[in-house]
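Student: I have a structure to study and a list of terms I keep meeting. Can we test the terms against it?

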Amino acid sequence: MEINKYIDHTLLKATATASDVRELCSEAKEYNFFSVCVNSCFVPLVKEELSGSDVKVCSVVGFPLGSMSREAKVFEAKQAVKDGATEIDMVINVGALKSKNFDLVEQEIRGVKEGIGSNVLKVIIETCYLTREEITIASKLAVKAKADFVKTSTGFGTGGAEKDHVKIMKDAVEGQAKIKASGGIKNLDTALNYIELGVDRIGTSSGISIVKELNK
């Protein structure tokens, strides 16, 4: 099993330096992870560092709170793609969802997707803040707005991925979008559990230890 190809090798902390990002890219090439996922300011550097490799460039947008304007998110996503990203992980406006302003949530996702064209859009719904019903609604809105993935978490909320939440998301998307689990996935057993549930991608900063555990 090529578990490395499920992994978005991730570094999103505020204190990340250019040197840290270069090291992240070097690791991603060595372990042949699916992508490197960073904040949008680092996209040009990541593109340069990954040049000539198969590893994709992934940028988060509206991260980590999701509560900026739709226009700001669309602009950030377009700029990230212009800088070399082929995958965008955007955070929804959680407050708008909880206010039942579903039209705003859908239009924002649609705006980002239209802005990035054929590039991959993953929609972070931040399940730790949502009820079961809200997880279902958010997932369906992402599908309606033509997103490619729904994603559990930023890793900066009050909790990360949970199996129960992934099951709700899977039922909601009905095969029309893929699922990315992220937040708190730090070992092989946890990663394999999510893959068995039908997850197509895993966001983690523990990718190397997961691969080493499998190789043992």
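This is a predicted model: local features need pLDDT of at least 70, side-chain atom pairs count only at pLDDT 80 or more; totals for chains, interfaces and linings use all residues.

Student: What makes the side chains point in two directions?

Tutor: In a regular strand, side chains alternate between the two faces of the sheet.

Student: Why is the crossover from E7 to E8 called right-handed?

Tutor: The chain goes from E7 through helix H8 (residues 188–197) to E8. With the strands pointing away from the viewer, a clockwise path counts as right-handed. This β-α-β crossover is right-handed, so its path runs clockwise in that view.

Student: What makes strand E3 largely enclosed?

Tutor: Five of the six residues of E3 (residues 56–61) are buried, so the rest of the structure largely encloses it.

Student: Which strands pair with E3?

Tutor: E2 (residues 35–39) pairs with E3 in the parallel sense over five bridges. Val38 has Ser59 of E3 as its bridge partner. E4 (residues 87–91) runs parallel to E3, with four bridges between them. Val61 stands opposite Met90 in E4.

Student: Why is Lys98 called partly exposed?

Tutor: Its relative accessible area is 38%. Buried is under 20% and exposed is over 50%. The value for Lys98 lies in between, so Lys98 is partly exposed.

Student: Where is Lys98, and what does it touch?

Tutor: Lys98 sits in helix H4 (residues 94–98). Leaving out residues up to four places away in sequence, Lys98 touches Tyr129, Leu130, Thr131 and Glu134. Contact means heavy atoms within 4.5 Å. The C-alpha atoms of Lys98 and Tyr129 are 9.1 Å apart, and the two residues are 31 apart in sequence.

Student: What lines the largest pocket?

Tutor: The largest pocket holds about 330 Å³ of space. It has 18 lining residues, and the closest to its centre are Thr10, Thr154, Gly155, Thr204 and Ser205. Strands E1 (7–11) and E8 (201–204) each give two or more residues to the lining.

Student: How many lining residues are nonpolar, polar and charged?

Tutor: Four are nonpolar, eleven polar and three charged.

Methods
Residues are numbered from 1 along each chain as its sequence is written. Side-chain values use heavy atoms; hydrogens and water are left out. On a 1 Å grid over the protein atoms alone, a cavity is a set of points where a 1.4 Å probe fits but cannot get out, and a pocket is an open set with protein on both sides within 12 Å along at least five of seven lines; lining residues have an atom within 4 Å of a point. Grid points are joined across faces, edges and corners, and a volume is the space filled by probe spheres set on the points. Ala, Val, Leu, Ile, Met, Phe, Trp, Tyr, Cys and Pro count as nonpolar, Asp, Glu, Lys and Arg as charged, and the others, Gly among them, as polar. Buried means under 20% relative accessible area, exposed over 50%, partly exposed in between (1.4 Å probe, protein chains only). Two strands pair if DSSP finds at least two bridges between them.
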